[in-house]
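Here is a short report on one protein chain.

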Amino acid sequence: MRDNATDKGADDTRGRRHRRWRGSATLGLTAVLAVGGIAALQATGSPESDAPEPAAVVASHSGRLTSGESREASRIAVDAATRPGTAPARGGQVAKKDTGGGERNAAGGSGAEPLDTRRPPRAKSASSAPDSRAEVQLYDYASDTLITRLVDLRSKKVLDSARQHGVQPPPTLAEAREAVKVVLADRRLGPGMRDSFTSQTGKRLTSPSQLRLQSMSFLGSRAKGVAGARKVSRCGEHRCVQLFVRLPGGKWIDTSRIVVDLSARRAAVIGL
């Protein structure tokens, strides 16, 4: 049997460590945007080998799906854009044949980018039978729209579909890794990130999977009054992210002034 007092102490320690990180990240970003901060891509902090590994922030929902159901729901929702026939739209009206208009994911491939899946809310009067429906959020980089599709896992069909412009849920780990690829491809920023990685690990940085990443959506309104704000003015309309990058040894690369526009596949430095 586990010692509850020991568990509670460990939980408190992890909680304090998480709060310290969140506080330092927030204060660091505020200071950077206000006075310029420290140089971008400089390795900072001290090793925290026992710290929990960050993960990309994903919107939380009350509904639960198994991992297999989530994968299947995403596949149905992504494939719906290329299926023949019509799909029902919000309001009970039948939408024009949805060919997807060439939907694209974060990497530029065919099909919208899956963001999140959940089991949709059920009315109190609904049957107690297992619900075979799943709600899938996707982002179409071709049209910069957030797509919400209600799918039926039993029939493999899309029951409902809606699109929204200017709505930016938290990015996924896959999108954070695409953002790193954009930074690495940038002739100004890529060498700095590679050098920071090599100097701290003694290895070459060849893939975003070598980094521990957190990310958040970035809106152009956050940069109001900051040097370089025009470079990120379309963020919000475009899918833009800000990265928090940790090296395997625990140190952080300061990327707080870098905003990656995934829609345009370019990086901008603000606050200089």
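## Fold and basis

Along the sequence, the elements run α-β-α-β-β-β-β-α-α-β-β-β-β-β. That makes four helices and ten strands. Both kinds are DSSP runs numbered from the N terminus: helices are H or I with at least four residues, strands are E with at least two.

The model is predicted: local features need pLDDT of at least 70, side-chain atom pairs count only at pLDDT 80 or more, and totals for chains, interfaces and linings use all residues. Residues are numbered from 1 along each chain as its sequence is written, and side-chain values use heavy atoms, with hydrogens and water left out.

The protein has 272 residues, and 43% of them count as buried. Buried means under 20% relative accessible area, exposed over 50%, and partly exposed in between (1.4 Å probe, protein chains only). Among contacts with a separation of 6 or more, 61% join residues 24 or more positions apart. A contact here means heavy atoms within 4.5 Å.

Strand 2 spans residues 113-118, and five of its six residues are buried. Strand 3 is mostly covered too, with seven of its eight residues buried. The two strands pair in the antiparallel sense over five bridges. Pairing requires that DSSP finds at least two bridges between the strands. Glutamate 113 stands opposite tyrosine 139 in strand 3.

Strand 3 also pairs with strand 4 (residues 145-152), again antiparallel, over eight bridges. Here tyrosine 139 has leucine 146 of strand 4 as its bridge partner. Strands 3 and 4 form a hairpin with four residues between them. Aspartate 144 lies in that turn and has a positive phi of about 50°.

## Glutamine 168

Glutamine 168 sits in the loop between strand 5 (157-165) and helix 3 (173-185). Is glutamine 168 buried or exposed? Its relative accessible area is 16%, so glutamine 168 counts as buried.

Which residues does glutamine 168 touch, not counting those up to four places away in sequence? They are Tyr139, Ser217, Leu219, Gly236, Glu237, His238 and Arg239. Two polar interactions can be listed. The glutamine 168 side chain reaches the backbone oxygen of histidine 238 at 3.3 Å. It also makes a polar contact with the side chain of arginine 239, at 3.0 Å. A polar contact is a pair of N or O atoms within 3.5 Å; within protein, one must be able to donate a hydrogen and the other to accept it, and residues adjacent in sequence count only if both atoms are side-chain atoms.

## Enclosed space

Rolling a probe the size of a water molecule over the atoms shows where empty space is left. A cavity is a set of points on a 1 Å grid, over the protein atoms alone, where a 1.4 Å probe fits but cannot get out; lining residues have an atom within 4 Å of a point. The count is two cavities of 30 Å³ or more.

Strand 9 (258-261) and strand 10 (266-269) each give two or more residues. Strand 10 gives the most, with three.

Lysine 231 lies in the loop between strand 6 (212-217) and strand 7 (240-246). Beyond its neighbours within four places in sequence, lysine 231 contacts Ala268 and Val269. The C-alpha atoms of lysine 231 and alanine 268 are 6.3 Å apart, across 37 residues of chain.

Note on methods. On a 1 Å grid over the protein atoms alone, a cavity is a set of points where a 1.4 Å probe fits but cannot get out, and a pocket is an open set with protein on both sides within 12 Å along at least five of seven lines; lining residues have an atom within 4 Å of a point. Grid points are joined across faces, edges and corners, and a volume is the space filled by probe spheres set on the points.
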